[in-house]
Amino acid sequence: MPRPTAAQLAYGSCTVIFSTLAMLLLSQTSSGAVIAVIAVAALALGLLVSLAVPRPKARVIALRRPAPTATTAPSAAQTPVPAPAAVVASEPVHERAAS
């Protein structure tokens, strides 16, 4: 099962919070049963909104293999580059004496 994206979590959470507040303010109820129904309805609405958010498409990376060539000699682009010679420091390296 794929994990929800950040956008799905954000949209679903905001929908639950704002729809719960709106329904509670509009109904002006103090009954526990009605508050429970409103909470369940808000959760269902948040779930529907989060599922409606489109998921990003998976990127497909095609790996291309070079076409086989008839020549066996390496081209200029394939010739190895020699490693650089050892770099000589301009200042001598000072080591700490063991104490």
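Among contacts in the protein chain between residues at least 6 apart in sequence, 65% join residues at least 24 apart. The model is predicted. Its protein chain has 2 helices and 0 strands. Of the 99 residues in the chain, 10% are buried.

**Surface**

- The protein chain has an accessible surface of about 9,400 Å².
- Carbon and sulfur atoms account for 67% of that surface.

**Largest pocket**

- The largest pocket holds about 180 Å³ of space.
- Two elements, α1 and α2 (32-52), each give two or more residues to the lining of this pocket.
- The residues that line the pocket are Met1, Pro2, Pro4, Gln8, Leu9, Gly12, Leu47, Ser50, Leu51 and Arg55.
- Sorted by class, the lining has 6 nonpolar residues, 3 polar residues and 1 charged residue.

**Ser50, a lining residue**

- Ser50 is part of helix α2, and Ser50 is also among the residues that line the largest pocket.
- Ser50 counts as buried because its relative accessibility is 13%, and buried means under 20%.
- Leaving aside residues up to four places away in sequence, Ser50 touches Gln8 and Gly12.
- Gln8 and Gly12 are themselves among the residues lining the largest pocket.

**Tyr11 in helix α1**

- Tyr11 sits in helix α1, which covers residues 6-27.
- With a relative accessible area of 48%, Tyr11 is partly exposed, because this value falls between the 20% limit for buried and the 50% limit for exposed.
- When residues up to four places away in sequence are not counted, Tyr11 touches Val49 and Val53.
- Tyr11 and Leu47 are 36 residues apart in sequence, and their C-alpha atoms are 9.3 Å apart in space.
- Leu47 is one of the residues that line the largest pocket.

**Gln28 between the helices**

- Gln28 belongs to the loop between α1 and α2.
- Gln28 counts as exposed because its relative accessibility is 70%, and exposed means over 50%.
- The phi of Gln28 is near 50 degrees, which is a positive value in a residue other than glycine.
- Most residues other than glycine have a negative phi.

Note on methods: Residues numbered from 1 in each chain as written. Predicted model: local features only at pLDDT ≥ 70, side-chain atom pairs only at ≥ 80, totals over all residues. Heavy atoms only, no water. Helix = DSSP H or I, 4+ residues; strand = E, 2+ residues; numbered from the N terminus. Buried < 20%, exposed > 50% of the residue type's maximum accessible area, 1.4 Å probe, protein only. Contact = heavy atoms within 4.5 Å. 1 Å grid on protein atoms, 1.4 Å probe; cavity = no way out; pocket = protein on both sides within 12 Å on 5 of 7 lines; lining within 4 Å. Points joined across faces, edges and corners; volume = space filled by probe spheres on them. Nonpolar A, V, L, I, M, F, W, Y, C, P; charged D, E, K, R; others polar. Areas by Shrake-Rupley, 256 points an atom, 1.4 Å probe, with all protein chains shown as cover.
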